[in-house]
Amino acid sequence: MTSTAAENTRAPETEDGAERKIVAFFCRECAYAAADATGNARVSLPTTIRSVLVPCTGRVSPLHLLKALADGADGVYVAGCLEGQCHYREGNLHALDRIEFSRALLESVGVEPERVQMFTMSAADSPKFVAAARKMHETISALPPLKRK
Amino acid sequence: MRCGVFLCECGGNISGVLDLDSLADSARTHDGVVSISRNQFMCGTEGRRMIEQAVEERGLDRIVIGACSRRFQGPTFERIARELRLGENAVAFGNLREGCSFIHRDEPAKAQLKAEKIVSAAVARARFQSDLPRGRTFLHRSALVVGGGIAGITAAEELSGAGIDVHLVEREQSLGGYMARLSKTFPTEDCAMCSLAPQLTGAALDPRIHIRTLTDVTEISGPPGEFRVKLRQRPRFVSEACVGCDDCTAACPVSVSSEFELGVTKRKAISRPFANAVPSLYAIDKRGPAPCKSACPAGTSAQGYVALVAEGRFDEAYRVASGPNPFPSVCGRICTHPCERACARGEVDEPVAIAALKRFVADHVGPETVIEKVPVIHSEKVAIIGAGPAGLTCARDLAKLGYRTTVFEALPVAGGMLKTGIPDYRLPKDVLEREIDQITALGVELKLGQRAGKDFTVDGLLENGYGAAFLAVGLQKSSEVEITGAELEGTERAVEFLRRLNLGKSVSVGDRVVVIGGGDVALDAARSAIRLQQTSGREPNVTLVYRRTRAEMPALGEEDEQAIEEGLKVEFLVAPLEIVGKKGRVSALKLQRCKLGEPDSSGRRRPVPIEGDVTEIEADTVVLAIGQDIVCDFLEGCEDVSVEKGQIRIDRDTLMTGKSGVFAGGDAAATGGWTAIEAIAAGTRAAHSIHNYLRGEKLFEVWPAKAAEARPSAEELARREVGQRIPAVLLDRSDRCASWAEVVGGYSEEEAIAEASRCLACAVCSECEACVRACPAGAIELDQQEETEELAVGAIIVATGHKEFDARRKIPLGFGRFSNVVTQSQLARLLAPSGPTAGELERPSDGAVPKKIFMLQCVGSRDCTSSGNEHCSAICCLFATLHASLIKQHYPDVDITIGYTDLRAPGKSHEEYYRLVQERGVRYVRGRVGEVMEEADKSLRVRFEDTVTKRKNEELFDLVVLSAGLEASAGTTEIAHVAGLQQGSAGFIKEYHPKLKPVDTQRAGIFVAGTAQGPKNIPDTIAQAKAAAARVVSMLSAGFVLTPAQVASSNLEQCIGCGICESVCPQGAVKLSGGDNPHSVVDANSCRGCGICAAECPSGAMTLGGYSDEEILAEVMV
């Protein structure tokens, strides 16, 4: 992991120069553990991401996703266990359903659906965790700040 | 809220990146924050003292920790809060280390801003955190161990040692599991049974271990600590009185493939898997009635006598065949044998010739059987009206029960329709007479020429000393047919025609006979007419006319073939219109041609006349054989008995008529079809009912509900070799038509044994009761029933083990097709001193010692194709090495090659053992096998590639051994479903955490051990079993468990009772209450706090402790 730290590419700045805010819901069983492993390896990550610990991604409801966007976040993502590896059988699949639902809802009101995403990984897969965080950061930084009425 | 913020420097890990003073200043601005502290290590004793002090001095009710990830020190701070009586949910966490300082070291300014947000979010969250109630569950100091292999036994022993009562449940008939099957164990090469047997005995003698075998767990409910477990114990059919003498297996005629010996040899239907079995009792594998028994109206154990015939035990077979049926010789000839239609062998090729076997055994043994008079033990006399099969069977059964019985018969001969309806060429009279004589020999009195209603009355009998009567009067006349010309001379009615013939009266027929009808009576009349014509020197000229086609004909198939051979002409699809007469004599029959229409109520297609298509056959005799009718003479002087639609009215369960004490059955009061075997069955039932009536017992408990029949699966049937039944010998056509000699010959002994050997033993136990007679201890209890039981236990250990991968799935390897391809486990049996060959290595095809053996590794393991499993089965490399070593030591000249993918020998002394065996001369070749082919001499040609030399090889071997991998056993899958446990690849139970909680499952209080969790060797299995036992001990030693804090709960007022929460809960912890306004109820003990229900709840009633919407959103919105 230290090599990842060494080759840390500075997060791309946004066109307008303002930093975005991304809310990330991490499952306690996998993504949060991967986040801890990433931290312990001192891998640099974009400062845009603010993590929220949940016991299972199945706890995350559309309310949480949409409220985050309505209240200042430019993007939201959920990181859970690999398919078939959920500690509560199908919590990650429930989360995926709700993300699809939220994306469809956003699209219907003219908001880019890619502002809401889902990633899966094992607790041991720090590189995948880093890749997810960077991809989300790049996606959201490439989009304008989320306009709210 | 009075909140204190505690910032940790983490020895510079945090303070080296973040300015904690500035962070403290920012935190101070939040509402409710009344105290800020910082320390080098907040998780240390100094930090703890700071928190205690602040709580006391500043009156804090919330604590915000700005430190490392909650996953590391969360429990430390929660514990402090709990001990300070704030409750663990008084703590909120801001992850300043993994979430900030560690990952933003090169952007300190941005990191500082983010840290302020993190602390702010934690403070915001803390405001919504409330104390979470926790209940206590008191623990049952007992445990359930599922699976009686070495893992289960070991765990049980450990638990018992800790003073915990253990219920050890095993689905097989003995404890021992897979280890009991092994010959020796690696790497020490010590005998498996030598290590296992003391464990087995120890478990059996341990007063705290309650062993239940043949038992399944059907339900697990309730919280950890007080699980409620439902068990279903299958009957063993052998009581504790069993002394293990083994006399029963010698007596049992049924042999099936032995599960314990992995199909290497056979076992009997009553068996004990191995000598050291625990419990030591034998058990009967009785799967329900066989299809043949189930189909027989009289419930004859056909599989039983067939099995006994196959063993040449004719006397015993006769006893079984004649048990429920006093007419086995008769029925062996004329029964409609529904048993053969049900016979599963019919799905492979042809049904077993059950009737012919019955005839063989009855003819063979019956004449020599001496019948002794049965003593009369009851005072009541019973009158039986009618000496047909129903009446005589009833009389026999009552006589055997100790009643004095008198059979009144109107005709001068006994036998009813068997005598007067069936011609000699089908049923020789001496056969019938012999069986009737055997009935009278019991003490049954026969009064011939006594017609009820004329010579005596039923009421009169009851008034004069008879306690009950059975009306078995039959259908003694032909049905009246409305057809023009029925009165003409030359018109015969079949029943009366046959009766005259069979009573030896003079009967003649014309030169051109037409018989109308398609049943047995019609055929009997037609074939009799042929014989009458031929015995008087004429050419046969008999035509049978039937309204439908041959497919709908009720007569037995083989019989109409014989009739046609004899010269019978048959006209199908013609209905009689008119018997044409000349000068008062029959001259022709006018017929309407028909076609088949829709099926009628009997399921047969109805004949529909073809308009205008009328034909005529010349005839001088017309025999009407369209149905029989009751003769009601007996009703005279028989009050309260009535006849409706040609049948005596009876209660179908008890066979009692409208008059108390008067019963009826057989053709005159049929409850099934109008056949001899139905009449016999009715006789038996009537005898039971009369006995119950006379003894004052309940009448309606006579018939036990019919149990589901046992039948081999379609897959098993498909594997059977196709053969054919042994045909019966028929009398030559020329010999038979001019005489009344019996047409169908019986089997010879050899033929009977060969035919009986075709039986598939559907029900395994054939209910022949040979074991009952053989058991010196009287331990056989064939009427044992399945039992259910409910237990309360504190904890559960699942130790349900594995099964060997089914190598048949690897078709090119030839397992199941070639006899000399075996699995490594089968080889274990062949090498075991207690195995079928007493430890001598014999190849299955010819028993010779193989000279060249190929062992193939990774069969079904490390295999990414759809027919295999991805995992490594962990034990196979050393399992093969062990067997190779054992063979090399006993037969040094045998050449052994092990074809491996990678040789894996980790673990103590394993690598050393592998090297040793290599030095003993076992050849290890890296490479996979393409195909195994069988040569004419049953040796095997193996094509394999040596992946080291890259050379393709093809060699001949005498024996191929497949190291088939491990998969979850059926029991493992079953318990996973019952207990709601997750299964991973190949069905193994998933542990809660692969490293930290290797014996915990997803369900609290349920632990897993041994190969149910994954492939492993015996020492690892035992270690895991002891670990699981230790987990149970530590759990139960607490006396009680706190319900977890972070559980779901539902607000009754908001709940709309939709039930979504119940459907999504992975633990089954949420249930809807009953009643008119159902609402969700959470079992806090079972909930594991995932929160799926809270996210799915449409009304917002459901929430998760510590993760309410408010708590989550407070964090999100900062």
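This is a predicted model: local features need pLDDT of at least 70, side-chain atom pairs count only at pLDDT 80 or more; totals for chains, interfaces and linings use all residues.
**Entry 1: where the chains meet**

I looked up which residues lead on the chain B side. Arg71(B), Ile103(B) and Val1116(B) supply 14% of the area that chain B buries against chain A, more than any other three residues. The contact takes 46 residues from chain B and 48 residues from chain A.

Next I looked up the polar side of this contact. I found 16 residue pairs in polar contact between chain B and chain A, with both residues at pLDDT 80 or more. I also found 4 salt bridges between the two chains. I noted a salt bridge between the side chains of Glu19(A) and Lys110(B), at 2.9 Å from N to O.

Which elements of chain B give two or more residues to the side that touches chain A? I listed helix H3 (70-83), helix H4 (97-101), H5, helix H34 (1092-1096) and helix H35 (1109-1117) of chain B. H35(B) gives the most, with 6 residues.

**Entry 2: Gln129(B)**

I then turned to one residue, Gln129(B). I found it in the loop between helix H5 (108-128) and strand E5 (136-138) of chain B. Is Gln129(B) buried or exposed? Its relative accessibility is 2%, and the cut-off for buried is under 20%, so Gln129(B) counts as buried.

I checked what its side chain meets. A polar atom of the Gln129(B) side chain lies 2.8 Å from the backbone oxygen of Asn89(B). The side chains of Gln129(B) and Arg125(B) are joined by a polar contact of 2.6 Å.

I also looked for contacts beyond its neighbours within four places in sequence. There Gln129(B) touches Arg62(B), Asn89(B), Ala90(B), Val91(B), Ala92(B) and Glu1111(B).

**Entry 3: a sheet in chain B**

I traced an open sheet of 5 strands in chain B. Its order is E19-E18-E17-E20-E33, with parallel pairing.

I followed one pair in detail. Strand E18 (residues 404-408) of chain B pairs with E19(B) in the parallel sense over 3 bridges. Val407(B) stands opposite Leu446(B) in E19(B).

**Entry 4: salt bridges**

I searched the whole structure and got 84 salt bridges over all chains. I picked out some in chain B.

Glu259(B) and Arg267(B) meet through their side chains at 2.8 Å, N to O. Glu259(B) is partly exposed, at 41% relative accessible area. Arg267(B) counts as buried, at 13%.

Arg451(B) forms a salt bridge with Asp633(B), with the closest N and O atoms 3.5 Å apart. Arg451(B) lies in the loop between E19 and helix H19 (458-463), and Asp633(B) in the loop between strand E30 (628-629) and strand E31 (643-644), so the pair ties together parts 182 residues apart in sequence. Arg451(B) is partly exposed at 29%, and Asp633(B) is partly exposed at 26%.

I ended with a network. Salt bridges that share partners join Arg333(B), Arg359(B), Asp363(B), Arg434(B), Glu435(B) and Glu742(B).

How values were computed
Residues are numbered from 1 along each chain as its sequence is written. Chains are lettered from A and ligands numbered from 1 in the order in which they are written. Side-chain values use heavy atoms; hydrogens and water are left out. Two strands pair if DSSP finds at least two bridges between them. Helices (H or I, at least four residues) and strands (E, at least two) are DSSP runs, numbered from the N terminus. Buried means under 20% relative accessible area, exposed over 50%, partly exposed in between (1.4 Å probe, protein chains only). A polar contact is a pair of N or O atoms within 3.5 Å; within protein, one must be able to donate a hydrogen and the other to accept it, and residues adjacent in sequence count only if both atoms are side-chain atoms. Contact means heavy atoms within 4.5 Å. Buried area is the accessible area (1.4 Å probe) that two parts lose on being put together, summed over both.
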